[in-house]
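Please look over the model below. The report that follows takes its features one by one.

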Amino acid sequence: KKICVIGLGYIGLPTSAIFAKAGIEVVGVDVSEKVVEKLNKGEVHIEEVGLPELVKEVVESGKLRGSLTPEDADAFIIAVPTPIHEDQTANVNYVVNATKAIVPYLKKGNVIIVESTIPPRTINDVVAPIIEENGFNPLEDVYLAHCPERVLPGRILIELIENTRIVGGITPEASKQAGDVYRQVVTGDVIETEAVTAEMSKLMENTFRDVNIALANELVKISAKLNVNAHDVIELANKHPRVNLHQPGPGVGGHCLAVDPYFIVEKAMGESPLIQTARSINNSMPEFVVSQVERLTAEVENPVIAVFGLTYKGNIDDVRESPALDITKMLVNHPKFTVKAHDPHVRDEQVSFPLYSFEESIKDAHLVLVLADHNEFKVMDEKVLADGLKTGVIFDTKNCVPQFQDLVVYRIGDLTNL
Ligand code: SAJ
């Protein structure tokens, strides 16, 4: 059996490699010549733990190769991006184009799986009609399904194999056939359902997290007003066996949590006020952090701010939709501040402002603003900080900095201390 994977990004490339490792012939297709050329040399163009070694192995063994065009196969897996338009509706053009690209190679009995995150009803209302227009009955001639990915960057190769997979077919037989494709490599459960249920469950996983983080962020604002310590409230409330308040922070970033809820809103605007409010609460956090920085430096003339961490979460190099980046840009453009940003995981070409080393950034700074919980910031040496800083004040929005003896650390929920 042969698999053709369309899209060799963060999901498509590891997925291709895992099937190839199981001994299945895989052709990986991408529109980028560079990506395909690299793959055929056994090299990867993205950072992911364990991926370079695995790709090298399966390309050398001849099980995986790259191509600019699709080929005949038994199963097609579409793993292309679904970015968001400016008006916060999903751009499904890549999914549409990928479907159109495979249609000339389709044969009766083929399995077609869309892994890309898509708005509810996209399989039924967008993908199936393209297949139908090309002379196939999407309910009978092929097995069409949505199987969302749910892997965490940094753990992709493990989670692709071990996580439970949800397979939503356009018919029960499509779910079964698509499920069997995954059963060749997945050790977790492979659960069959309907396409629209699979679409909604993927979106609700990320929406659940976004709404809960919004609740924690709202608690921070309420606590500041009522002079309560939000971190103490969270810790104590979470002693209840059925309560799990999330962690507040500088906002919600990444290309999943900050995007997927809008895919639901787009299809059910009037029915989704809670999801929309959660999005706007999380989007308001950068401004809130900047206002707190203004308060913390109100007495200082020409304050110098050392910003620590620009990525959307800790220990990764991804700055997409990062609230830390938004906050830093607001501070850079602020007439009052001099900003020296530092992030050991980010390279100069990823940002539009200068980056500093740890030592350079703290030198003569009045405030350290921590925006990402990288491991490096959890083990900082008090003496080194105290020697470099002009005033020993730290504002920790990720609750990750250790307790110091003399340096003052304010956490985002500690605002009663101000
Ligand atoms: N965050 C908080 N407070 C928290 C937890 C997270 O502020 O208590 C923030 C993070 O700092 C970050 C954002 O939320 O800015 C998102 O981080 P994350 O670690 O929650 O998730 P992602 O976006 O890296 O990956 C998510 C995962 N989904 C869930 O955990 C439900 C992952 O399993 C999905 O595969 C991925 O989205 C995806 O591709 O959809």
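## Around the ligand

Of the 19 residues around the ligand, the nearest are His246, Gln247, Gly249, Gly254 and Cys256. A residue counts as near a molecule or strand if its C-beta atom, placed from the backbone, lies within 6 Å of it. This is a predicted model: local features need pLDDT of at least 70, side-chain atom pairs count only at pLDDT 80 or more, and totals for chains, interfaces and linings use all residues. Residues are numbered from 1 along each chain as its sequence is written.

The shell around the ligand holds eight nonpolar, six polar and five charged residues. Here Ala, Val, Leu, Ile, Met, Phe, Trp, Tyr, Cys and Pro are nonpolar, Asp, Glu, Lys and Arg are charged, and the others, Gly among them, are polar. Domain 1 (2-188) and domain 2 (195-418) both give residues to this shell, so it lies between them.

## Two domains

The chain divides into domain 1 (2-188) and domain 2 (195-418). These bounds come from an automatic or database domain assignment. The C-alpha centres of the two domains lie 34 Å apart. Their contact takes 25 residues from domain 1 and 21 residues from domain 2. Two residues are in contact if their C-beta atoms, placed from the backbone, lie within 7 Å.

On the side of domain 1 that touches domain 2, α5 (122-133), β6 (143-146) and β7 (165-169) each supply at least two residues. The largest share, four residues, comes from β7. Helices (H or I, at least four residues) and strands (E, at least two) are DSSP runs, numbered from the N terminus. By class, this side has 13 nonpolar, nine polar and three charged residues.

## The nonpolar cores

A nonpolar core is a set of buried Ala, Val, Leu, Ile, Met, Phe, Trp, Tyr and Cys residues joined through C-beta atoms within 7 Å. Buried means 20 or more other C-beta atoms within 10 Å of the residue's own, exposed means 12 or fewer, and partly exposed is in between; C-beta atoms are placed from the backbone.

The largest core has 88 residues; Ile6, Phe76, Ile78, Ile113, Leu144 and Ala145 touch the most other members. Helix α8 (residues 195-226) gives the largest share, eleven residues. A second, separate core of 37 residues includes Val307, Val319, Leu371 and Met380.

## Two positive phi values

Most residues other than glycine have a negative phi. Asn302 has a positive phi, near 45°. Asn302 sits in the loop between α11 (273-296) and β9 (304-308). Phi of Asn315 is also positive, near 60°. Asn315 lies in the loop between β9 and α12 (323-332).
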